[in-house]
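Student: I have just opened this one and would like to go through it with you. Could we take it piece by piece?

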Amino acid sequence: MEKIALGALLISTITMTGLIWFVQVVHYPLFQWVGEKGYTKYQNRHMSLTTYVVGPLMLMELLSSAYFLLIDNYLFSTAFLWGNAILLGIIWLSTALLQVPLHQNLTEKYELNYAQKLVSTNWIRTICWSIRSVWVVLEVISFIR
């Protein structure tokens with residue numbers, strides 16, 4: 001089980017980090033160029049399709065992190081286990097309290113202000129996932145040695 005959880009942690013964290021950088025640099029900034037006419041339909045479709053990609057990865061990340069924190073907590077340092085959990089908590093809170101409500105607002109009508117807030121508030125998740133990726137890779141390298 002440990003190897004499966006380790007693989008799940010590595011794959012989900014690194015994949016989400018790549019995705020969040022794409023979203024931060026390319027995807028969210030392009031929202032302003034979709035146009036008002038079809039925007040709400042676009043936003044609804046965007047949300048449903050994105051959920052298929054990020055939902056399983058975020059769940060995999062949460063479960064594998066919980067596994068190491070609660071069950072198999074001798075593999076990694078205590079600082080990593082709790083730091084990882086805190087960063088993941090910040091990501092989930094930011095998603096639930098900032099990004100999801102902004103996306104919800106954009107499903108009702110396009111407002112440039114909401115699109116701009118998505119870009120600015122998404123830096124929270126981008127930074128946290130980036131730190132997590134580096135930390136996960138360093139911890140795994142340390143474990144392998």
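Student: Which residues does Tyr110 touch, not counting residues up to four places away in sequence?

Tutor: Leaving out residues up to four places away in sequence, Tyr110 touches Phe31, Gln32, Glu36, Tyr39 and Ala115, where contact means heavy atoms within 4.5 Å. Please keep in mind that this is a predicted model, in which local features need pLDDT of at least 70 and side-chain atom pairs count only at pLDDT 80 or more, while totals for chains, interfaces and linings use all residues. Residues are numbered from 1 along each chain as its sequence is written, and side-chain values use heavy atoms, with hydrogens and water left out.

Student: Where does Tyr110 lie, and how far is Tyr110 from Phe31?

Tutor: Tyr110 lies in the loop between α3 and α4, helices being DSSP runs (H or I, at least four residues) numbered from the N terminus. Tyr110 and Phe31 are 79 residues apart in sequence and 9.2 Å apart in space, taken from C-alpha to C-alpha.

Student: Is Tyr110 buried or exposed?

Tutor: Tyr110 counts as buried because its relative accessible area is 16%, and buried means under 20% relative accessible area, with a 1.4 Å probe and protein chains only.

Student: Switching to Gln99, what does its side chain make a polar contact with?

Tutor: The side chain of Gln99, a residue of helix α3, makes a polar contact with the side chain of Ser94 at 2.8 Å. A polar contact is a pair of N or O atoms within 3.5 Å; within protein, one must be able to donate a hydrogen and the other to accept it, and residues adjacent in sequence count only if both atoms are side-chain atoms. Gln99 is also buried, at 1% relative accessibility.

Student: Now the nonpolar side: which residues make up the largest nonpolar core?

Tutor: Twelve residues make up the largest nonpolar core, among them Ala5, Leu9, Phe68, Phe80 and Val136, and α1, α2, α3 and α4 are the elements that give two or more residues to this core. Such a core is a set of buried Ala, Val, Leu, Ile, Met, Phe, Trp, Tyr and Cys residues joined through side-chain atoms within 4.5 Å.

Student: And what is Val136 in contact with, leaving aside neighbours within four places in sequence?

Tutor: With those neighbours set aside, Val136 is in contact with Leu9, Leu10, Thr13 and Phe80.

Notes
Buried < 20%, exposed > 50% of the residue type's maximum accessible area, 1.4 Å probe, protein only.
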